[in-house]
Amino acid sequence: RVSFTVTTLDPKLWRLVEPGTPPPASRLRVMARLADAGIPCGVNMAPILPGLTDSEEAIAAVAEAAQAHGATTFWAAPLRLAPLVKEHYFAFIDRTYPGLLRRYRLSYPAADAPTAYRDSLRERITAIKTRYGFAESPRREREAALRPLPGTPTAPAQTRLPLPL
């Protein structure tokens, strides 16, 4: 299984938040080639950036593109700002989207966004995943990822190493 991070399809925003990385369209094209070859692929839309990529339209656009390019899973999660990351990210917001800085300062007194925001975002993501045919359960997605591909040879039981958990 291969997962691709796609945080936005907006080329201008992508250049600002992910400089030096492959464009989202390129990632999706590679994913489609892998999916066409029978390799299960998924898209991780993370982090979702409040005020920038958290609209229904932005999330749905990435989910729709994921589906169109052969993704079998779609996962999304809100921005989390650990202490050192927070200062860097706030400086970025102040330079590029100063109108959002006050909202961020109020919303992120700690590392995580407020619970009400996270709950609302989770509901939005679940509805979008359902609309595009992605499994709702992360557990089902993990179980699918652990299944071997059809035709994949497996080692005989006596040659497997035990893994104590």
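Colleague: What makes a cluster of Tyr89, Phe90, Phe92, Tyr97, Tyr104 and Tyr108?

Modeller: They are linked into a cluster by ring pairs, where rings of Phe, Tyr and Trp (its six-membered ring) count as a pair if their centres lie within 6.5 Å. A search of the whole structure gives six aromatic pairs. This is a predicted model, in which local features need pLDDT of at least 70 and side-chain atom pairs count only at pLDDT 80 or more, while totals for chains, interfaces and linings use all residues. Residues are numbered from 1 along each chain as its sequence is written, and side-chain values use heavy atoms, with hydrogens and water left out.

Colleague: Why is the pair of tyrosine 89 and tyrosine 104 called edge-to-face?

Modeller: Planes under 30 degrees apart count as stacked, over 60 as edge-to-face and the rest as tilted. The ring centres of tyrosine 89 and tyrosine 104 are 5.3 Å apart and their planes stand at 70°, so the pair is edge-to-face. Because tyrosine 89 belongs to helix α4 (residues 83–96) and tyrosine 104 to helix α5 (residues 98–107), the pair ties together parts that are 15 residues apart in sequence.

Colleague: How do you know that the buried residues of α5 line one face of the helix?

Modeller: The buried residues of α5 are Leu100, Leu101 and Tyr104. Seen down the helix axis, they fall within an arc of 120°, so they line one face of α5; the arc is taken from the directions from the helix axis to the C-beta atoms. The face turned away from them carries the exposed residues Gly99, Arg102 and Leu106, and α4 is included in what covers the buried residues of α5.

Colleague: What puts the buried residues of α2 on the same side?

Modeller: In α2, the buried residues are Pro24, Arg27, Leu28, Met31 and Ala32. They cover an arc of only 140° around the axis, which puts them on the same side of α2. An α-helix has 3.6 residues a turn, so residues three or four places apart point the same way. Arg33 and Asp36 are exposed on the face of α2 turned away from its buried side.

Colleague: What do the buried residues of α2 pack against?

Modeller: They pack against β1 (2–5), α1 (11–17), β2 (41–48) and α3 (56–68), where contact means heavy atoms within 4.5 Å.

Colleague: Why does aspartate 10 count as partly exposed?

Modeller: Aspartate 10, in the loop between β1 and α1, has 38% relative accessibility, which lies between the limits for buried and exposed, and therefore counts as partly exposed.

Colleague: Which residues have the most contacts inside the largest nonpolar core?

Modeller: A nonpolar core is a set of buried Ala, Val, Leu, Ile, Met, Phe, Trp, Tyr and Cys residues joined through side-chain atoms within 4.5 Å. The largest has 37 residues, and Val43, Phe74, Tyr89 and Tyr104 have the most contacts inside it. The elements that give two or more residues to this core are α2, β2, α3, β3 (73–78), α4, α5 and α6 (115–131), and α3 gives the most, with six residues.

Note on methods:
Helices (H or I, at least four residues) and strands (E, at least two) are DSSP runs, numbered from the N terminus. Buried means under 20% relative accessible area, exposed over 50%, partly exposed in between (1.4 Å probe, protein chains only).
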